[in-house]
Each structure stands twice: as C-alpha cells, then as structure tokens.
Amino acid sequence: MTEIFNAIKASAIRIRYAIENDDTGYSHNQNATGDVQLKLDIKSDFIIEEEFSKISTVKELASEEKEHVKPMHKNGKYLIGYDPLDGSSLADVNLSVGSIFGIYEDDYRGCNLKASVYVVYGPRVEIVIGYDGRVELHRLDADHEFHFIQLINLDNKGKLNSPGGTQKNWLPHHKEMIESIFADGYRLRYSGGMVPDLHQILLKGGGLFSYPATSDVPKGKLRMTFEVFPFAQIYELAGGQAIDGKQRLLDMTPEHIHDTTPCFFGSNEEIERVKLAYGN
Ligand code: P6P
C-alpha cells in the first residue's frame, strides 16, 4: 500500500505544477457523466495513470474521466477508483481543488475499500490518508517532500454546515433540516469543491456536508466509486458517520462505476439530525 501512497504523492506534485502553469481551458471532450472536460482534467488523469503504471500491485484503474475501467497489471491486487481533479473548474477562479482516490480489493463495493486518500491543492498542498484505523494529514514542504503533520479526529458535534445542491430543488424535509441547523448557529462553509469543503470540516473539528437527492437530480450528483466512498471511509475513521440519508454509504454497491448517490458526511450529532429528518 505504501508504494500506492507514494505514487499519489508523486502525482500530486506533478498535478500541482500543471494547475499553476498549464492551460485551464476546456477541451472538446465530455466524460462519462457528461461533464465537459477541462484540459487539466485530462492532464491530471494522464499523470495519475502514468504514476500507477509503474506499480505492479495495481490491477485496474477506474477514473471519473474514463468511461470504462483500464486494466493495468494482471497479477495486481488493488483496483483504484479516482477523481483526478475534482472541482477542476474552480481552478479558473483560483479556488482550491483536489484529487480523490479509493483503493479497493476485488470490486468497487464500499465494503471492499481498503484505503482512501485525497489531495488538496490550496495555498498549501496537503494529503489526507485514511488507512489502518486512522486518518493522517501530510503536507508538502519546500523540499518537495510530504511530511506527517497530525492525526485527524472529528468532535462529536461541530459548527460548520456545508449544504450542496440547488436550493430551489431541495425536498421539503431537507430544506427544513438545513434551515434548523443554521438556526442553531452553524456557519455556512461551501465553495463548490467537495475536497476543500470536506477537508475544512475535518480540520475544524466537525459539522455537516450534504449533497442530497433533489427534484432535478434524484440520485444526487456525487459519484460513489471515485468521490463518496473514499470520503465516507475517511469520515468514519475520523470518528464521524457517512450515510445516504438512511443507510451507511460504505454498505452500498454501485451497479456501474459512474453511479451517484445522495450523501451526508459529518460528526455524529449532525448525522443523527439527518437520520431524524429522513425518517429513520
Ligand atoms: P454544485 C464539483 O463539480 C463537484 O463534483 C464537487 O466537488 C462539489 O461538491 C459539487 O460538484 C458541487 O456541485 O451543484 O454545488 O455546483
């Protein structure tokens, strides 16, 4: 697993350079979910594939930017689901973006997720690794090396509320829940980038991130394999919870690698409010 983490670190350094120096314009292509791809999306995907191609334990890649899985080493052990540059359009307005990785065995079910990693490309480049029962924060420093900073743990209750989805399309019980959380004094923190938004809640001790089913997107927007499962594992390892409104996200099985799901990540007290609002 260490060589996979090191390949992600090597990719992060190369992607950070591309973000800072390459063209952030749109390509003429769309990905499997119909998003028009930025040149940075394609470049980041290429970099990650190139770094993983050097590792014999990587059996297969499933990228948000590729319609189908890509075989790598036939005797490999791990399948890697990843979003090479999540929220890439935010790079154009100089906001933080990220890369997300789920390292699976056998298939892409939540129960087969063995480790989760995300990279935040912000004022600093940081990597968070969820593995072996804990969540570690590492930071890139001046000598282009990542150094361990701290373990990450969520408090039982937080102060931040990060509500995704188009508000006019929220279902009534969801709207009522979000408004009641704000009425209790929670602070709004939402950039439109899943990685920095969830990273902030983790580092600030807790709160709630939600991307629910809406009247226009009934299955939610965020992808199970590449985005939702890795963050679900990290939030659980940090002492929080991750559900789809009713069930634990990591108990779910995608029918297709690009499947999406409504998702809620947070401290225990906030997730209990979600369960109540969603009729549990
Ligand atoms: P909306 C970015 O496009 C992304 O996939 C996630 O990073 C983010 O949480 C979500 O979409 C934002 O979606 O509908 O609020 O723009």
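A residue counts as buried when its relative accessible area is under 20%, as exposed when over 50%, and as partly exposed in between (1.4 Å probe, protein chains only). By that rule Ser99 is buried, because its relative accessible area is 0%. The model is predicted: local features need pLDDT of at least 70, side-chain atom pairs count only at pLDDT 80 or more, and totals for chains, interfaces and linings use all residues. Residues are numbered from 1 along each chain as its sequence is written, and side-chain values use heavy atoms, with hydrogens and water left out.

**Ser99**

- Ser99 belongs to strand β6, residues 97-105 (strands are DSSP runs of E, at least two residues, numbered from the N terminus).
- A polar atom of the Ser99 side chain lies 2.6 Å from the backbone oxygen of Pro84.
- Leaving aside residues up to four places away in sequence, Ser99 touches Ile15, Asp83, Pro84, Leu85, Val117, Tyr118, Val119 and Tyr121 (contact means heavy atoms within 4.5 Å).

**Ligand surroundings**

- Residues around the ligand include Asp86, Gly87, Phe209, Tyr211, Arg223 and Glu227 (a heavy atom of the residue lies within 4 Å of the molecule).
- Tyr190 places a polar side-chain atom 2.6 Å from an oxygen atom of the ligand.
- For Met194, a backbone N or O atom lies 2.8 Å from an oxygen atom of the ligand.
- For Lys221, a side-chain N or O atom is 3.0 Å from an oxygen atom of the ligand.
- Taken alone the ligand exposes 400 Å², of which the protein buries 76% (Shrake-Rupley method, 1.4 Å probe).

Note on methods
Helices (H or I, at least four residues) and strands (E, at least two) are DSSP runs, numbered from the N terminus. A polar contact is a pair of N or O atoms within 3.5 Å; within protein, one must be able to donate a hydrogen and the other to accept it, and residues adjacent in sequence count only if both atoms are side-chain atoms.
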